Amino acid sequence: MDIVVIVVAVLLTAAAAGTIYRIAKGPSLLDRVIAADVLLAIFGAALATEMAISRHTDNLALLVVLTVIGFIGSVTVARFVAHKKEDG
């Protein structure tokens, strides 16, 4: 089980590093917003992994809040981009 935890930690860290790079270097605002949404999903995955390893559900409310914030952010950006394309 320890090997699985180490592999998951390395993968999540690499994914977060790549996402932070995309936030810093993204050529457009949309790239940065999508990368921020992905980073939020990575945090959620890390939180869920920690809860599975520790065998508790103490942070379940925080995980739900992160998920809702990510969803609302994605929908807001999608509506903004769609509205902006209609205007011109």
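Angles over 145 degrees between helix axes, taken between N-to-C directions, count as roughly antiparallel. In this predicted model, helix H2 (residues 29-54) packs against helix H3 (residues 60-87) at an angle of about 165°, and the two helices are therefore roughly antiparallel to each other. Their axes are 10 Å apart, and H2 passes H3 in a left-handed crossing.

On the H2 side, the contact is made by Leu 30, Val 33, Asp 37, Leu 40, Gly 44, Leu 47, Ala 48 and Met 51. H3 contributes Leu 60, Leu 62, Leu 63, Leu 66, Ile 69, Gly 70, Ser 74, Val 77 and Val 81. By class, 13 residues of this contact are nonpolar, three are polar and one is charged.

Helix H3 consists of 28 residues. The distance from its first C-alpha to its last is 41 Å, close to the 40 Å expected at 1.5 Å a residue. Leu 63, Leu 66 and Gly 70 of H3 are buried, and these three residues also take part in the contact with H2. The cover over the buried residues of H3 includes H2.

The relative accessible area of Thr 19 is 8%; burial requires a value under 20%, so Thr 19 is classed as buried. When residues up to four places away in sequence are not counted, Thr 19 touches Ala 35, Val 38, Leu 39 and Ile 42.

Technical notes: Residues are numbered from 1 along each chain as its sequence is written. This is a predicted model: local features need pLDDT of at least 70, side-chain atom pairs count only at pLDDT 80 or more; totals for chains, interfaces and linings use all residues. Side-chain values use heavy atoms; hydrogens and water are left out. Axes are lines fitted to C-alpha atoms, for helices over the stretch in contact, and angles run from 0 to 180 degrees between N-to-C directions. Helices (H or I, at least four residues) and strands (E, at least two) are DSSP runs, numbered from the N terminus. Angles under 35 degrees count as roughly parallel, over 145 as roughly antiparallel, 65 to 115 as roughly perpendicular and the rest as oblique. A crossing is left-handed if the near helix is turned anticlockwise from the far one by less than a right angle, and right-handed if clockwise. Contact means heavy atoms within 4.5 Å. Ala, Val, Leu, Ile, Met, Phe, Trp, Tyr, Cys and Pro count as nonpolar, Asp, Glu, Lys and Arg as charged, and the others, Gly among them, as polar. The expected span of a helix is 1.5 Å times one less than its number of residues. Buried means under 20% relative accessible area, exposed over 50%, partly exposed in between (1.4 Å probe, protein chains only).
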